[in-house]
Amino acid sequence: MSDMKGNHMIRKMISGVVGSAIMLGTATTAFADAAMIKAPTVAQQATMVNKGDTTWMLVSSALVLMMSVPGLALFYGGLVRTKNMLSLLMQVFMIVSVTGLLWATVGYSMAFTTGPTPALTPYIGGFSKALMMGVNGSTYAATFSDNVYIPELCYFVFQMTFAMITPALIVGSFAERIKFTPLIVFVVLWSLLVYYPVAHMVWYWAGPDFTSDTPTEGGLLWAKGALDFAGGTVVHINAGIAGMVGCLMIGKRVGFGKENTPPHSLTMTMIGASLLWVGWFGFNAGSNLEANGITAVAFVNTMLATCAAAVSWALIEQIVHKKPSMLGAASGAVAGLVAVTPASGYAHPMTALVLGLIVSPICFAFVTTVKNKFKYDDTLDVFGIHCVGGITGALGTAIVANPALGGQGITDYTKFPSVVNTTYDTVGQLMIQGEAVLITLLWSGIISAILYFVIDKTIGLRPTEDAEREGLDITEHGERAYNY
Amino acid sequence: MQYIIAIIKPFKLDEVREALSGMGVAGMTVSEVKGFGRQKGQTEIYRGAEYTTNMLPKVKLEIAVSDDLAPRIIEAIQQTANTGAIGDGKIFVIDLASATRIRTGETGDTAL
């Protein structure tokens, strides 16, 4: 106890001398190192929490929820026909609610605890925190800094919002042609078999104060050194490929390619895209888990990549179609947000900007040329924007994280206190990123295919042709979006 | 009495209305309609999906007028709704059998 008090005082003293840190530069660092506690107890962790980080993480969690409802719901809803507006809104709203419950019952435990057996730890967590057992206001979660903690409930709810939005992204691929109940069944099973394992593989680790003692305690892709700051693989590639497989297995909409299916309200889509943009600051900058300089880096990177991608999409439309469209600008902004997600905490603002400029032409090619050539009905371009943009970002991260390009480099947590590696191997990192992308594509793609198949054979995924023509709002939900 | 039905470009509505009001037209019915004629539809592009809308939005005016006023009204609509481009619309005229003002029960020209 007296040790703890002593440490607490030292920490206070450190914060007291920050003002003269420049003068005392080296002395302060040495002082801080000496004060670091390896593998702190929960009681010690309680002294390593600050109100700024806690506040920021709670605000970020609310921002990420806003991305789903109403952001994503409106972004998607505006792009479908009037008769299917409510079906999209309801799908997103209910997926958020159902996966929230699932997260509290088993999801958090399956994603962020050690495996049921050590051999399973690289792939999936156990049930030690199921029903939020042992998770309360006096337990703490690690950040990316030594001896800095946030309340575990902050981490729980922040990660919950990610588990909510990811399955909601999928529905855009087969919008306007899916029954509601089978979709919810799919989302529950997909969360259990795809999202939690992939989140575990990429993000589960022991934390900076424990990794030097237990270097093998972590997910498969984390252990390989894959960089995914805010969820390029876990969220976007994961959802993007699940959507693509779904749109192929469920099939095209009735009348696809013959009837006009223009968006019913690009106004809604613009509002939705803008809410996504604002909420994404919680998503990316929040993913630093604390409020510090790197949080600001992620914030600024998110801003610049998005601006750049919106501009480059508008420019390419100006060149190809002679007219820059609002939908194009909104699509570009989302593509930029997706691409910068894995890179947000690693890139320099200028390389994030370049990443944004590059991603839009790539996604544009997919949603126009590639989609038209292969004639798949990825209704709202979940694959073309989220999966392709996510892959661009995941691979790009290997380049922009390089300190030689102003990136943040890689922190070595097997040492305590942790140190930033002085060397950086771009090609090696690119291979690791490629491997992470491939594993996510295969894991999510194959399991999703099995789930779609089983659900289609048992309760059926698709409404009747008549119901589809009538519109899902009336046939699935018994209401209309607009009664003028 | 004559019943004049004019299909015009939506943005010409205010101009036509102003012209007709100045001529003593006391009322008209306006609806937003869609249709096609010789005018080619517009091409809309949504993320690479190209749609040609063959039904274009127009405004339909319906005006009941006395026989002596009708030729001047038709001419005024033709003049003001004219842009010289394909798609300016059409004016149809049919004989009107009767007109009744619901409030008073007046019939014929006085009901207009």
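**Helix packing, backbone geometry and the chain interface**

The crossing of H4(A) and H6(A) is left-handed, a term applied where the near helix is turned anticlockwise from the far one by less than a right angle, with right-handed used if it is turned clockwise. The structure is a predicted model, in which local features need pLDDT of at least 70 and side-chain atom pairs count only at pLDDT 80 or more, while totals for chains, interfaces and linings use all residues. Residues are numbered from 1 along each chain as its sequence is written, and chains are lettered from A and ligands numbered from 1 in the order in which they are written. Helices (H or I, at least four residues) and strands (E, at least two) are DSSP runs numbered from the N terminus.

The axes of H4(A) and helix H6 (residues 152-170) of chain A come within 9 Å and cross at roughly 15 degrees; axes are lines fitted to C-alpha atoms, for helices over the stretch in contact, and angles run from 0 to 180 degrees between N-to-C directions. H4(A) is therefore roughly parallel to H6(A), given that angles under 35 degrees count as roughly parallel, over 145 as roughly antiparallel, 65 to 115 as roughly perpendicular and the rest as oblique. The residues of this contact divide into 14 nonpolar, five polar and no charged. In this division Ala, Val, Leu, Ile, Met, Phe, Trp, Tyr, Cys and Pro count as nonpolar, Asp, Glu, Lys and Arg as charged, and the others, Gly among them, as polar.

H4 (residues 51-77) of chain A also packs with helix H10 (residues 266-284) of chain A, their axes coming within 7 Å and crossing at roughly 160 degrees. H4(A) is thus roughly antiparallel to H10(A), and passes H10(A) in a left-handed crossing. The contact of H4(A) with H10(A) has 18 nonpolar, eight polar and no charged residues.

Within H4(A), a kink of about 40 degrees is centred on Gly71(A), the bend at a residue being the angle between axes fitted to the seven residues ending there and the seven starting there. Pro70(A) also lies in H4 of chain A, and the peptide bond from Val69(A) to Pro70(A) is cis, with omega near 5 degrees. In helix H5 (residues 85-112) of chain A, a bend of about 65 degrees occurs at Trp103(A).

For helix H9 (residues 232-250) and helix H15 (residues 426-458) of chain A, the axes come within 8 Å and cross at roughly 40 degrees. H9(A) is therefore oblique to H15(A), and the crossing is right-handed. By class, the contact of H9(A) with H15(A) comprises 11 nonpolar, seven polar and no charged residues.

Between the chains, 12 residues of chain A are in contact with six residues of chain B, where contact requires C-beta atoms, placed from the backbone, to lie within 7 Å. Helix H12 (326-340) and helix H13 (349-374) of chain A are the elements that give two or more residues to the side of chain A that touches chain B. The largest share of that side, four residues, comes from H13(A). By class, the side of chain A that touches chain B has four nonpolar, six polar and two charged residues.

Definitions and conventions. Contact = placed C-beta atoms within 7 Å. Expected span 1.5 Å × (residues − 1).
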